[in-house]
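User: Could you take a close look at one helix in this model and tell me what packs around it? I'd be glad of the cut-offs behind each term as you go.

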Amino acid sequence: MASSKPYRQLPTASRAQGLPAIGFELETELPITPDVGAVRCSEQRADGRPIGELAVEVFAAALVIDRDGILAAKASERAGGAPAVAVVLPGVSGYRADAITDDPLRYVHVFAMAPDLGVDAGVLVTIRSARPEWPAAESILRSLRLLTRHGSVPVAANDESAPLLPLVED
């Protein structure tokens, strides 16, 4: 089994790419593909069929305690219009939306979040998986931290027993 690799996009790197000064760090055993303001990783079965894909992206938004509902709108939009619900995260305002599609990676979970520090940006996490549970995504979400010029904010609470991904019924 491969060892977990850290990936860090600093706020200065986001700024250099023309994005707001927010970054993120995560750890994963999966191959990481960086893109402008984003990182993607995916997992496949031995026969080549997909297990899941995860993307973390930085987005610009006029956020001051999310008065305009930007986080809910981003989560809902990325999940194909599914309703977004508020989630309780330490030091982070967030929403999530979940959908089931007809694609091979049919379970879609979207998290839109921003630090509670009045940053003009947020981070969007999109998870697509073949099954409702995808252990690699759980692990990545537990390691995710948002980075600002004020420091880092962990996204997941310390309670390892509570799953971050829902158990979705067809």
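Analyst: Happy to. The buried residues of helix 2 are covered by, among others, strand 5 (50–60), strand 6 (84–89), strand 7 (92–100), strand 8 (107–115) and strand 9 (121–129). This is a predicted model, in which local features need pLDDT of at least 70, side-chain atom pairs count only at pLDDT 80 or more, and totals for chains, interfaces and linings use all residues. Residues are numbered from 1 along each chain as its sequence is written, and side-chain values use heavy atoms, with hydrogens and water left out.

Helices (H or I, at least four residues) and strands (E, at least two) are DSSP runs, numbered from the N terminus. Contact means heavy atoms within 4.5 Å. Buried means under 20% relative accessible area, exposed over 50% and partly exposed in between, with a 1.4 Å probe and protein chains only.

Helix 2 spans residues 70–78, and its buried residues are Leu71, Ala72, Ala75 and Ser76. Seen down the helix axis, these residues fall within an arc of 125°, so they line one face of helix 2; the arc is that of the directions from the axis to the C-beta atoms.

Leu71, which belongs to helix 2, is buried because its relative accessible area is 0%. Leu71 is 25 residues from Arg96 in sequence, while their C-alpha atoms are 8.7 Å apart in space. Just after the helix, Gly80 takes a positive phi of about 70°.

One of the covering strands, strand 8, holds Tyr107. Tyr107 has 4% relative accessibility and therefore counts as buried. Tyr107 and Arg131 are separated by 24 residues in sequence and by 6.5 Å in space, C-alpha to C-alpha.

Of its 170 residues, 45% count as buried. Among contacts between residues at least 6 apart in sequence, 50% join residues at least 24 apart. The protein exposes about 8900 Å², with carbon and sulfur atoms supplying 53% of that area; accessible areas come from the Shrake-Rupley method with a 1.4 Å probe, and for residues only the protein chains shown count as cover.
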